[in-house]
Amino acid sequence: CNHNMLAKILASDSIEKVCGRMFAERGHELVEKPGIKKDELLKIIGEYDGLVVRSGTKVTKEIIDAGKNLKIIGRAGTGVDNIDVRAATNKGILVVNTPGGNTISTGELAMAHILALARNIPQATASLKAGRWDRALYTGSELAGKTLGVIGVGRIGREVAKWCRGFGMTTIGFDPVLSEQSARNFGIEPVSLDELFEKADFITIHTPLTKDTQYLMNKETLEKCKKGVRIVNCARGGIVDEAALLEAVKSGHVAGASLDVLEEEPPVEASLELRLHPHIIISPHLGASTFDAQERVAKAVAVNMSDIFDGGSFTGVVNSPDLGAVAKQEHIVPYVLLAEKIGSIQGQLLKGNKISSITVNLRGKDIADAKITDVIRSAVIKGALGELVSQQISYVNAISVAEEMGLKVLVNMTEKTDATSGYMNCLSVELEIEGMLNLTRVIEGTVFGRNELRITQIDGFNIDLPPSENMLLFNNYDQPGTLKKVADRLASAQINIAHFSLGRKTRGKLAMGALVLDTPVPEEVLESFAKHTDVSNVMQIRLSQTVDRNFRVRSATHQGVVLGSSKPFVKPRNPEFSSGPCKKRPGYNLAALKTDALGRSHRSKLGKSRLKKAIEETKRILEVPSDYLCGIVPASDTGAYEMAMWGMLGERNIDACYWESFGKGWNDDAIKHLGLKSITREFKADYGTLPDFSQTNPDHDVLFTFNGTTSGVRVPNLDWIPSDRKGLTFNDATSAAFAMRIDWSKVDVTTFSWQKVLGGEGAHGVLILSPRAVQRLETYVPPQRPLPKIFRMTKKDKDGALKVDKAIFQGDTINTPSMLCVEDYLDALQWSDSVGGLSGLIRRSEGNLAVLERFVSSNSEWINFLAKDPASRSNTSVCLVLKLDKDQVKKFVALLEAEGVAYDIGSYRDAPDGLRIWCGATVEQEDLEALLPWLKWAYETVKA
């Protein structure tokens with residue numbers, strides 16, 4: 001910026017007046033246009049040097065591109081979810097927020113909760129307002145002389161501790177990052193978690209929710225707490241196990257709790273008992289909800305932006321400017337990435353211990369360069385603290401965050417190479433663990449060729465390990481059979497080993513094993529290693545494969561982490577996004593399937609038992625009522641649905657609801673092939689929309705698809721189906737089963753195939769019947785309608801009465817199934833349990849949809865959902881339309897297939913031209929995230 005010129009800043013959301021005053025005091029002009037429409041914003045944003053927003057304005061790439069003079073985007077608050085940070089970074093625009101703006105508000109709320117909990121204020125107030133005078137009932141506890149345990153000694157935790165000391169409390173604290181000396185500087189005596197539990201009369205939580213802090217307060221840790229402890233959580237829901245807390249309060253071990261956060265917000269019925277308990281106080285997440293906090297962030301954003309405009313400090317910057325020191329030295333780029341990954345490994349191996357200091361050693365003439373030491377230091381800090389704190393750590397703020405925490409990070413360099421390493425250039429990160437005399441951990445690495453990263457040594461064990469997404473480290477004694485036990489245990493859990501390295505110092509002594517795996521290791525598998533006495537210190541390491549968007553280095557050879565070539569660098573590991581047959585589950589291995597039933601009759605005891613198990617597991621995982629029948633039938637979903645239509649339709653009028661090709665097929669079956677035109681009503685809608693289900697007649701049989709596989713439009717709910725209906729409902733759930741909850745009380749016939757959400761094989765269908773559907777089969781025989789053998793579901797009993805053939809629903813299939821496909825399906829069902837059953841499968845699918853929703857939201861000028869209503873968007877077969885003509889769409893799809901990044905994603909032949917991307921549970925979110933830049937590239941390539 002020219003420091004002699006005024007900056008002109010636009011505020012597109014309402015902002016406190018202090019913001020304008022602060023800008024004016026610094027010689028800058030703030031123009032306020034709260035609630036400005038997007039079209040108007042696009043017209044005028046080019047006139048401004050800065051933009052101030054709160055949460056109302058969505059700062060999209062389109063707006064950023066239109067901001068020709070834009071230099072800074074300021075967010076009056078902490079979150080920047082409404083700003084396309086990547087687009088801003090690529091344009092060289094800084095994004096600034098106001099970290100710490102809500103420290104006082106959240107801290108004061110925690111203080112209020114502590115006092116309310118100590119003196120039973122909410123309960124006493126409610127009692128008095130109800131007309132009672134219960135002084136004795138609400139006798140409380142003084143704070144003076146008590147001990148406060150602070151979990152998470154960050155800004156908020158330190159403020160609460162300071163105020164509590166004013167009440168005469170002793171303050172102790174635990175923080176995995178803050179040094180002991182820094183804690184004491186803040187007046188807090190550092191202790192271990194167990195010691196805190198043992199000593200604290202009150203515990204206040206101020207830590208982020210991470211994989212290490214989830215359910216930090218659980219049954220086991222609550223039992224360690226002093227009897228009569230009082231617990232306050234104004235941090236994040238999920239840190240406290242609510243069920244365990246409720247039991248501890250009910251037993252009297254915990255005297256009371258006061259919460260501003262819940263695991264699920266708004267609260268659900270599951271937390272009702274907790275919320276109603278007389279010794280538990282709850283507020284609706286009021287953390288930063290004060291007028292003062294809003295004024296504070298308004299002032300802070302003006303100060304932070306003015307400092308940058310005036311050539312001062314870069315406070316609050318969340319994205320990184322160009323790393324100039326590295327830009328001119330392309331060979332340094334992979335070492336920066338290696339430094340971050342080693343930092344991340346060190347952070348994960350810390351496991352609750354505290355860092356005293358970090359020392360980075362650069363050896364070799366190519367990397368021993370004083371100009372890059374800050375970049376390398378930032379990379380190591382970013383990797384390590386990224387595993388330990390909730391604050392967003394970037395290459396810009398890493399060093400300052402470390403300094404604030406009292407964490408020393410030194411960088412040494414020498415052009416001489418350590419003769420023992422054998423590498424021309426190498427980088428090591430030495431982490432000293434606080435409180436453990438002479439205990440350090442050293443991880444060393446190098447780069448092979450231009451960009452092949454390698455970990456070459458861990459704690460003196462020489463290994464050859466490419467840092468990867470899923471890794472397993474362990475110690476073992478160097479003796480025959482040990483490694484086989486590890487491999488066998490992983491194989492039994494269907495986990496494939498992609499790379500293995502063993503390091504040892506002395507033959508027959510302690511060694512280190514390092515594995516790269518295709519998939520993560522479930523917790524129960526990790527725990528099982530504890531039973532092996534010859535394997536110890538088993539640690540799972542997971543590294544993000546997504547390159548930090550803030551790491552911007554201009555180079556034409558290192559695409560993906562740099563600017564230059566427009567073609568993305570990272571490809572999906574699995575480019576299978578077909579909507580049927582669909583991708584196999586993560587870690588799938590055909591050779592791992594059981595083969596004892598192959599070559600055996602499906603009517604043998606073994607064959608029937610495997611088929612029966614497939615049926616029983618299907619019902620269990622899908623939570624099908626016990627009085628419903630479930631069977632395996634021929635010809636995939638089509639065979640199952642037509643089997644039901646041919647066997648049951650005709651007794652009542654029919655309402656056929658359809659909005660895509662398969663639903664229309666069922667309508668045509670009823671009219672053309674079953675000859676039921678006179679009793680069939682059509683309820684149809686265009687692709688992307690749904691028909692009006694409220695117009696269907698509950699006395700009629702209703703045909704519908706739960707999820708339109710070719711349109712990406714699903715039925716949001718089944719509220720339109722009355723429980724007292726007289727007709728039957730026929731539910732084609734082929735791309736909904738295992739991804740969407742089905743209200744079984746509303747459906748009588750449900751069908752699906754194995755080849756969709758669970759990635760099974762084709763040609764096999766599943767048919768689920770309600771008791772009402774069974775009654776129809778046993779009381780109605782369609783006149784003059786011959787049924788082929790594979791459609792026959794009934795037979796006469798010894799008395800001549802028509803009965804459903806129950807054997808079909810117990811594993812005795814009508815025709816011969818593929819037992820290999822059955823084993824494949826059983827494998828998928830077993831995997832379903834490993835990800836959390838039906839709830840876990842749904843979460844995975846919804847998470848995948850959310851990835852695409854964020855992308856479309858940021859690129860809506862050229863890509864949109866075919867589904868008009870967000871509530872009806874499918875979370876499996878996601879259909880998208882592009883701002884391209886038919887031929888361009890074909891070129892778009894062909895480009896992606898030629899690059900090997902996405903197969904079979906063109907829209908269905910009868911659907912509008914566009915894309916159909918499968919987001920079912922077997923698809924990995926990382927693969928979708930890797931695909932998105934390629935979609936943008938293909939669009940720009942085709943348009944050009």
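Reply: Start with aromatic pairs. Rings of Phe, Tyr and Trp (for Trp, its six-membered ring) pair if their centres lie within 6.5 Å. Planes under 30 degrees apart count as stacked, over 60 as edge-to-face, and the rest as tilted. Ring pairs of this kind link Trp659, Phe693, Phe704 and Trp720 into a cluster.

Me: What should I know about the model before we go on?

Reply: It is a predicted model: local features need pLDDT of at least 70, side-chain atom pairs count only at pLDDT 80 or more, and totals for chains, interfaces and linings use all residues. Residues are numbered from 1 along each chain as its sequence is written, and side-chain values use heavy atoms, with hydrogens and water left out.

Me: How many aromatic pairs does the rule give? Why is the pair of Trp646 and Phe791 called edge-to-face?

Reply: The count comes to 13 aromatic pairs. The ring centres of Trp646 and Phe791 are 5.9 Å apart and their planes stand at 65 degrees, so this pair is edge-to-face. Trp646 is in helix 21 (residues 636-648), while Phe791 is in the loop between helix 23 (771-779) and strand 34 (794-796), so the pair ties together parts 145 residues apart in sequence. Helices here (H or I, at least four residues) and strands (E, at least two) are DSSP runs, numbered from the N terminus.

Me: Why are the rings of Phe855 and Trp862 edge-to-face?

Reply: Their centres are 6.0 Å apart and their planes make 85 degrees, so the pair is edge-to-face.

Me: Are Trp646 and Phe791 buried or exposed?

Reply: Both Trp646 and Phe791 are buried. Buried means under 20% relative accessible area, exposed over 50%, and partly exposed in between (1.4 Å probe, protein chains only). Phe855 and Trp862 are buried as well.

Me: What makes Lys789 exposed?

Reply: Its relative accessible area is 58%, so Lys789 is exposed. Lys789 is found in the loop between helix 23 and strand 34. Between Lys789 and Phe706 there are 28 Å in space, C-alpha to C-alpha, and they are 83 residues apart in sequence.

Me: What stands out about phi of Ala635?

Reply: Phi of Ala635 is near 70 degrees, a positive value in a residue other than glycine. Most residues other than glycine have a negative phi, and most peptide bonds are trans. Ala635 sits in the loop between strand 25 (629-634) and helix 21. Its relative accessible area is 40%, so Ala635 counts as partly exposed.

Asp904 also has a positive phi, near 60 degrees. Asp904 is in the loop between helix 26 (886-898) and strand 38. Its relative accessibility is 48%, so Asp904 is partly exposed.

Me: Which peptide bond involving Glu265 is cis?

Reply: The bond from Glu265 to Pro266 is cis, with omega near -10 degrees. Pro266 lies in the loop between strand 11 (254-259) and helix 12 (272-276). The bond from Gly580 to Pro581 is cis too, with omega near -10 degrees.

Me: What order do the strands of the open sheet have?

Reply: The three strands run in the order 36-37-38, with antiparallel pairing. Strand 36 (863-865) and strand 38 (915-918) are the edge strands, each pairing on one side only. Two strands pair if DSSP finds at least two bridges between them. Strand 37 (residues 877-882) and strand 38 pair over four bridges, so they meet that rule. Cys879 stands opposite Arg916 in strand 38.

Me: How do helix 20 and helix 24 pack?

Reply: Helix 20 (residues 605-622) and helix 24 (residues 819-834) pack at about 35 degrees, with axes 10 Å apart. Axes are lines fitted to C-alpha atoms, for helices over the stretch in contact, and angles run from 0 to 180 degrees between N-to-C directions. Contact means heavy atoms within 4.5 Å. The crossing is left-handed. That term applies if the near helix is turned anticlockwise from the far one by less than a right angle; clockwise would be right-handed. The contact includes Leu611 and Ala614 of helix 20 and Leu826 and Leu829 of helix 24.

Me: Which residues of helix 1 are buried?

Reply: In helix 1 (residues 17-25) they are Val18, Cys19, Gly20, Met22 and Phe23. What covers them includes strand 1 (8-11), strand 2 (29-32), strand 3 (50-53) and helix 13 (291-309). Just after helix 1, Gly27 has a positive phi of about 90 degrees.
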